[in-house]
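This report goes through a single chain by region, from its sheets and helices to its cores and a few individual residues. The structure comes first.

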Amino acid sequence: MDEYITTDELKELISALPAKPGVYIMKDSDEHVIYVGKAISLKNRVRQYFQSMRSHSLKTLAMVQKIERFETIVTGNEVEALILECNLIKKYKPYYNILLKDDKNFPYVRVDFNDDYPRLQIVRRRGTDQAQYYGPFISSGALRDVLDVAQKMFPLRTCKKDILRAIEKKERPCLNYQIGRCMGPCTGNVSKEDYYNALCRIVDLLAGRQQEFRAKVEEEMQKSSEALEFERAARLRDTIIALDELNQRQRVVSDKGDSRDVFALGIDESYALVQGVFIRNGQ
């Protein structure tokens, strides 16, 4: 095991690292932040940078050679660490985070209610158009898992097809319709009311009103288990896990499950800042 720890300060910092989730901030000799990262265990992750140097990429090796000291911030869980990491990268713009800076935007779900039959779109930036945006969500993987099951239960369209034109020209429905993954509004056999009812069920889920959706998934999981459809039951179980991950927040602020919007205003001689916090079901 090769080691690159060259200063007593680094050795002391590493020995004092906690085995807790958090964020680490690497600095060079000029006290410039050169890298920000997150970890499930700060002790294990940071120590890896200074061990087994032969396994490092050239970029990582160059960074480690410039580290003079580092700081850590302990968080309550990995999600808090992810949020803090994102904010610190945007604040310091570390040189060795260049490849990550543009990818640290949390996903939103875009729904354009001006469409005759709206579809769900996962986007990385909130636009300035007239569409509705839900999010941001912490985990894009969990978001996709939940939407995948939600669209199996309420099969909205995913195509960019002009629905009214397709109905007028009697175009052939796509494969998703054939396999039951789309209601098929392009067939002309789906009313806007029925389509919007299905859409609203998923929108409720995205807006944080997930109890009814979760209850439905749990009911389907129980039915699948009783019918010995264990593979389907396992997929539904994974959906519940993904749903929990999707809705994990930095902290629960109310045990009563309240929903409210809270705003704070700060003013000094040159600036004014308004901060909005949106609490849904106590989170």
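Strand 1 and strand 3 are joined in antiparallel fashion over six bridges; in strand 3, Thr 72 is the bridge partner of Tyr 24.

Which residues of helix 2 are buried? Helix 2 spans residues 42-49, and Leu 42, Val 46 and Tyr 49 are buried there. These residues sit on the same side of helix 2, because they cover an arc of only 40° around the axis. An α-helix has 3.6 residues a turn, so residues three or four places apart point the same way. The buried residues of helix 2 pack against strand 1 (22-27), strand 2 (33-39) and strand 3 (69-74), and also against helix 3 (58-64).

## Chain overview and confidence

The chain has eleven helices and eight strands. Of its 283 residues, 37% are buried. Taking contacts between residues at least 6 apart in sequence, 57% join residues at least 24 apart.

The average pLDDT of the chain is 81, and 86% of the residues score at least 70. Where pLDDT is low, the predicted coordinates should not be read in detail.

## Nonpolar cores

The largest nonpolar core has 30 residues. Those with the most contacts inside this core are Val 109, Leu 120, Leu 147, Leu 156, Ile 202, Leu 206 and Phe 213. At least two residues of this core come from each of strand 4 (108-111), helix 6 (140-153), helix 7 (163-169), helix 9 (192-206), helix 10 (211-226) and helix 11 (230-246). Helix 9 gives the most, with seven residues. In soluble globular proteins, nonpolar side chains tend to be buried together.

Leaving out residues up to four places away in sequence, Ile 202 touches Leu 120, Leu 147, Ala 150, Gln 151, Phe 154 and Leu 156. A second, separate core has 17 residues, including Met 26, Tyr 35, Val 46 and Tyr 49. Val 46 and Tyr 49 are also among the buried residues of helix 2.

## Arg 201 in helix 9

Arg 201 lies in helix 9. Is Arg 201 buried or partly exposed? Its relative accessible area is 30%, so Arg 201 is partly exposed.

Not counting residues up to four places away in sequence, Arg 201 touches Phe 154 and Glu 212. Arg 201 and Ala 150 are 51 residues apart along the chain, and their C-alpha atoms are separated by 8.8 Å.

## The hairpin of strands 7 and 8

Strand 7 (residues 260-267) and strand 8 (residues 272-279) run antiparallel and are joined by eight bridges. The two strands form a hairpin with four residues between them. Arg 260 stands opposite Ile 279 in strand 8.

Most residues other than glycine have a negative phi, and most peptide bonds are trans. Lys 93 has a positive phi, near 50°, and is not a glycine. Lys 93 is in the loop between helix 4 (78-92) and helix 5. With a relative accessibility of 53%, Lys 93 counts as exposed.

Leu 228 also has a positive phi, of about 60°, although it is not a glycine. The loop that holds Leu 228 is the one between helix 10 and helix 11. Leu 228 is exposed, and its relative accessible area is 61%.

Note on methods. Residues are numbered from 1 along each chain as its sequence is written. This is a predicted model: local features need pLDDT of at least 70, side-chain atom pairs count only at pLDDT 80 or more; totals for chains, interfaces and linings use all residues. Side-chain values use heavy atoms; hydrogens and water are left out. Buried means under 20% relative accessible area, exposed over 50%, partly exposed in between (1.4 Å probe, protein chains only). The arc is that of the directions from the helix axis to the C-beta atoms. Contact means heavy atoms within 4.5 Å. pLDDT is the predictor's confidence in each residue, from 0 to 100. Two strands pair if DSSP finds at least two bridges between them. A nonpolar core is a set of buried Ala, Val, Leu, Ile, Met, Phe, Trp, Tyr and Cys residues joined through side-chain atoms within 4.5 Å.
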